[in-house]
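These are my notebook entries on one protein chain. I set down what I looked up, entry by entry.

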Amino acid sequence: MSCPELAVLGGTPLFEKPVPVGQLYFPEWEKYEAAMRGIFQRQYYTNQGPLTQELEQRLQERLQVRHVICVVNATIGLMMAADALGLRGKVIVPAYTFIATAQSLSWTGSEPLFCDVDPITHQLDPECVERLLEEHGAEVSAILAVNLWGDACRQDRLAELARKYAVRLYYDSAHGFGCELDGKPLGGAGDLEVFSFHATKVLSAAEGGCICTNDDELAARLRNIRSSYGAGPARQVLRTSNGRMSEAQAAVALLSLESFDSILARNEAMFHAYRQGLEGIQGVRLLTPASVSKTNYQYVVCEIDERAFGLNRNELQQVLSAENVVARRYFYPGLHRFVPYADQFPDASARLPVTEYLCERVLQLPIGQMVDAEGAGRIAAAIRMAGACAESIRRKLREAA
Ligand code: T4K
């Protein structure tokens, strides 16, 4: 590849159609059709139907947890979790995560206390958690940690802190389905964990998620908050949500589960193609999930260092967009800069240097069903070329602005 071949400099785009970052699994049509026919024959759309029950059973076995409560999406799952745990006051949350993590607290009237993350792994930093626990004392009722990017937090250290300061600990594991820590599936840590089965995730229900817990009482409360339809014992709860997963969602999730090993194998091949293709490019750091014993390769996460690469992250995003590669800035901006938090915590940026740093540098590259290992190699080659042609690209982008 040479500079004029880059689409931003007048070449032909690498891909004919935009290639997105998400996993975007679609089952084989015949299997999907058969599953929908079953729903029509049973004339049963939702309310803890047979497919949802089967999915919960299979997930309990796979994740080695006592209870799996399927929900309509992970955002609702996190809201239900905050309520079932009886959270109040402040909850320690990483500032570097998806907005749903923090906003889920609003349903219970509790508020996030933003914490910084580790610069190497991007996971919640336990040292920062401890500082906040010391500083805010009894105002804090919980730690909501996020197992990010197909990797995991330092769960042993967080569990120690939760015990020492007598606060709840639960996990947003939206990115974590299929990962293992010390040979054990993510899902059973803390008071509970929440997974996302959104279309962009490795296990897809098109929209969906689940809450996992080993605590029988918590599970009973969660089922009643969701709307239980006879699932588990009845409990009086303050609020109920409509968090039910429909049969159509469960059908897609069951098919996705059936294909799960091949989805992961495909992701792994793409990740290796990226690793090979990006090797040695100055200013591009590809994250390798290193805390887990098995990753799901949910995302391909790069940090772009402008000084070494020649272009900043946003400029590289424009170069890739011209190639029809829809690279995304997850997460941008940091949560402390979102409404309403920016007004509530005006000094937060100074306390969150790593989050600030990452929000300016991180870029997600496509992985999943809409690209393959050969495509990943071509994307990496375009990135290498963009670094080599940085000066001409900058000139071109300035002219166009
Ligand atoms: N906690 C964390 C840490 C999370 O990352 C998330 C969600 C949650 C909690 C909450 O989980 P859910 O309530 O969603 O279950 C996406 C996803 O919607 C969201 O699930 C995800 N994390 C977040 C990081 O990204 P967007 O709005 O940035 O991307 P979206 O949905 O537009 O999709 C990405 C690309 O895929 C786009 O280029 C369009 C393409 N696409 C998407 C869909 C759904 C398609 O081509 N076809 C499709 O059907 O939020």
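The model I am reading is a predicted one.

**Entry 1. Helix H7**

I began with the end of H7, where Ser227, just after the helix, takes a positive phi of about 100 degrees. At the start of H7, I found a side-chain oxygen of Asp215 within 3.0 Å of the backbone nitrogen of Glu217.

Is H7 mostly covered or mostly open? I counted 8 of its 11 residues as buried, so H7 is mostly covered, given that buried means under 20% relative accessible area. The buried residues are Leu218, Ala219, Ala220, Leu222, Arg223, Asn224, Ile225 and Arg226. Among the elements that cover them I noted H2, E1, helix H3 (74-84) and strand E9 (209-213).

**Entry 2. Salt bridges**

I then looked up several of them individually.

Asp216 forms a salt bridge with Arg66, with the closest N and O atoms 2.8 Å apart. Asp216 has 40% relative accessibility and counts as partly exposed.

I also recorded a network: Glu127, Glu130, Arg154, Arg157, Glu160 and Lys164 are joined by salt bridges that share partners.

The side chains of Lys31 and Glu258 meet in a salt bridge at 3.0 Å, N to O. Here too the pair links distant parts of the chain, with Lys31 in helix H1 (residues 29-42) and Glu258 in helix H8 (residues 247-258), 227 residues apart. Which of the two is exposed and which partly exposed? Lys31 is partly exposed, at a relative accessible area of 38%, whereas Glu258 is exposed, at 52%.

A local pair came next: Glu54 forms a salt bridge with Arg58, with the closest N and O atoms 2.7 Å apart. Both lie in helix H2 (residues 50-63), 4 residues apart, about one turn of the helix. An α-helix has 3.6 residues a turn, so residues three or four places apart point the same way. Glu54 is partly exposed at 31% relative accessibility, and Arg58 is partly exposed at 37%.

**Entry 3. Gln249 in H8**

I looked up Gln249, which is found in helix H8. Gln249 has 11% relative accessibility and counts as buried. Leaving aside neighbours within four places in sequence, Gln249 is in contact with Val72, Ala205, Glu207, Gly208 and Arg244.

**Entry 4. Nonpolar cores**

In soluble globular proteins, nonpolar side chains tend to be buried together. I therefore asked how many residues the largest nonpolar core has, and found 39. Those with the most contacts inside it are Leu278, Phe309, Leu316, Leu320, Leu365, Ile383 and Ile393. At least two residues of this core come from each of helix H9 (260-278), strand E10 (284-286), strand E11 (300-304), helix H11 (313-322), strand E12 (362-365), helix H15 (373-388) and helix H16 (390-400). H15 gives the largest share, 7 residues.

I followed Phe309 further. Not counting residues up to four places away in sequence, Phe309 touches Ile281, Gln282, Gly283, Val284, Ile304, Leu316, Ile383, Ala386, Gly387 and Ala390. A second, separate core has 32 residues, including Leu78, Ile99, Leu144 and Ala348.

**Entry 5. The two domains**

I noted the division of the chain into domain 1 (3-23 + 259-327 + 366-400) and domain 2 (29-258). Their centres, taken over C-alpha atoms, are 30 Å apart. The contact takes 22 residues from domain 1 and 27 residues from domain 2.

What area is buried between the domains? The value is about 2000 Å², of which carbon and sulfur atoms give 51%. Phe260, Ser291 and Tyr299 supply 28% of the area that domain 1 buries against domain 2, more than any other three residues.

For polar links, I counted 20 residue pairs in polar contact between the domains and 1 salt bridge. On the side of domain 1 that touches domain 2, H9 and E11 are the elements that give two or more residues. H9 gives the most there, with 5 residues.

Technical notes: Residues numbered from 1 in each chain as written. Predicted model: local features only at pLDDT ≥ 70, side-chain atom pairs only at ≥ 80, totals over all residues. Heavy atoms only, no water. Core = buried A, V, L, I, M, F, W, Y, C linked by side-chain atoms within 4.5 Å. Buried < 20%, exposed > 50% of the residue type's maximum accessible area, 1.4 Å probe, protein only. Contact = heavy atoms within 4.5 Å. Salt bridge = Lys/Arg side-chain N within 4 Å of Asp/Glu carboxyl O. Domains from an automatic or database assignment. Buried area = accessible area lost by both parts, 1.4 Å probe. Polar contact = N/O pair within 3.5 Å; in protein donor to acceptor, adjacent residues only side chain to side chain.
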